[in-house]
Amino acid sequence: MEYNKLFTPGKIGNVEIKNRIVMAPMCMGFGQYNGCATDKMMDYYEERAKGGVGLIFTEITRVNDITGASSFGQLGMSHDYQIPALREMANRIHKHGCKIMVELHHPGRQNLGLMIGTVPISVAGDKIMGELYTKIMTGAVIPPGRKLQAKDIVPRVVAPSKCERSKMSNSVNRALSHKGVKKLICQFVEAAVRVKKSGCDGVELHAAHGYLIQQFLSPNTNKRTDEYGGSLENRMRFLLEIIDGIRKNCGKDFPIVVRLSVDEMYDRIGKKGKGYNLEEGLKMAKILSDKGIDAIDVSSAAYDTFNYWLEPTTFDCGWRRYLAEEVKKVVDIPVIAANLIRSPKQAELQLEEGIQDFISLGRPLIADPHWVNKVQSGNEDLVKRCICCLYCFESMMENAYKYDNGHCSVNPFVGRENTQLKMNGNGRKAVIIGAGCAGLTCAELLARRGFNVTVLEKEQSVGGQLNLAKMPPHKEKMNWACTDLLSNVSKLGVKIEYGVTADKSIIDTYMPEIVINATGGNAIAPKPYIKDNSCTVTEILNGTVKLEGKRVAVIGSGMTGLETSELLISQGNKITIVEMADKIAQGAWFQHVDDAMPKLEEAGTVFMPGHKLLSVNESSITLERLADNTNVEVPVDFVVLSLGVRPDSALYEELSKSTDYAVYNVGDSVKIGRIANATESAYEVVMSID
């Protein structure tokens, strides 16, 4: 397919962008306490600039250190001393023909009380003690601080007015004073001035996803009675005065983009009438266009409606394109939008149809920083697609407490952009057992290093555990991780032999110097529970056992149990989910749970947390209710065990006794984990090989 629109130049204000692809702003935690851009951050953004993107929007950039710091590793424009590092980053990006704009941000009620006032102390501590301070923070300060956060024994976060807590942060909030509002307006403007001084090409004001500016826009969070609350005109005043201030101090030729949630999406979670909807969002977009901003970056939702701006894998690509399409009808400025775009064909069509003027790629450019160059050079089959697993955000949030950055399931080089592979394979033979994510990642990295690589796979296709993970409804994207790796290793000349159940005698025939075991794991199946009317999730997902019109008990409520239940429901079964823990899906990332639970509830699924399986009977199961140790009999026709997976390391244990070659073990065959754990394990092993 020709991409005539995708690779034509476009303009935002007076800034010409070499193509129609922009990198969406995403906080990954590559910064430091003082808000200055770090070498790691510069490497990360420069890699995307090298990859061909036309414009980069930086991550959320704080304008206020006291109430507005969202992360210890966040970029800042709250002080002049942050300008030189940003200037260096801008210069590094500009030399690749890419433009850079900085997203100015304040979290408002979506911040953690734990963060209020913490950054200035951390900046001072880091200056005095260096790495020792970080060790003290991560080991002795943050853990008890998180407990205090859970008990509300932390400062209150700020909001336009006192309002309900944000779902994710769950922090108690307080209303900004009139003086506080005016001060924040000035701080946004002062930050924009610093951005201009740094040599960046413009700013984006973050008025989306429930952060402070959007909180002023929404009647759900703005209940002020002064000139900043009430009517739409008043609720927009905070944003418009920031724009006026930037225009006055930076000039009309300095581009201003507004990232706007045009619909808070409360109706999607059954709260119709709450907040504002698309009708009012379009009015906001028109007011901003008439105000003379240079582009509008269309988004949706807030933390309370999280999955409708940062979608899990089950959402259809392009599902919210209608938002940009409607905005395009009412504005006279360029429209930027993400729209869950996962293919260049989808991007080109949305440009051709006039849905938008610029394509915003966020997670796809984390997954593959060279997305643009690969497509433009005719190698789009080598693009590693984002599978929407949300690990980038989940790991960023968790690692923020450890002063570490976010990671990616399909790209182990995130945060390691300056890493150089040792090019010393010299045709040495390497055999890899298993063509799942871990095995194929090893194959790719070894081949790139110059090894002669052969992969032995017992099945007739690549994928391993992902061949099961893709089976529940709307989970097809999960298998992209392996199909994209297959395209890349094939291009590199890796040989894959299917239908080969490897053992030492077979491996020896290849005369390898290196053998990597990536045999994965097997579902746990305790013998007392395996009977004629029971099986593991593996047999349901691979189609060995097919059920229809049955009363099925699924034992275990991890995400595999929930997703298998969705599949069983789609096949016409009635489901009871049994879980020993007090909570369903305990420990699972909340977005996946929020995605699955409404579908299960709508189908009439019965949830039984706090129950232990005692026995599988002919037409029932016997459970122990852990609260009072009472036995409970539940009538069922069939039982599906979702009790986890254990490593299949038998071959590794046999091979490790050999002195004929170096043997390594990776992925689930070492420790059961997720895709990210498999690719990370593969990366670490391959990088350790001399």
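Q: How many aromatic pairs does a search of the whole structure find?
A: A pair of aromatic rings is described by the distance of the centres and the angle of the planes. Rings of Phe, Tyr and Trp (its six-membered ring) pair if their centres lie within 6.5 Å; planes under 30 degrees apart are stacked, over 60 edge-to-face, and the rest tilted. The search finds 21 such pairs. The model is predicted, so local features need pLDDT of at least 70 and side-chain atom pairs 80 or more, while totals for chains, interfaces and linings use all residues. Residues are numbered from 1 along each chain as its sequence is written, and side-chain values use heavy atoms, without hydrogens and water.

Q: Why is the pair of Phe-216 and Phe-238 stacked?
A: The ring centres of Phe-216 and Phe-238 are 4.1 Å apart and the planes are at 15°, so the pair counts as stacked.

Q: Are Phe-216 and Phe-238 buried or exposed?
A: Buried means under 20% relative accessible area, exposed over 50%, and partly exposed in between (1.4 Å probe, protein chains only). Phe-216 is buried at 0%, and Phe-238 is buried at 0%.

Q: Which residues have the most contacts inside the largest nonpolar core?
A: A nonpolar core is a set of buried Ala, Val, Leu, Ile, Met, Phe, Trp, Tyr and Cys residues joined through side-chain atoms within 4.5 Å. The largest has 155 residues, and those with the most contacts inside it are Met-89, Leu-104, Leu-205, Phe-238, Ile-246, Leu-260 and Leu-288. A second, separate core of 23 residues includes Val-537, Val-552, Val-554 and Val-640.
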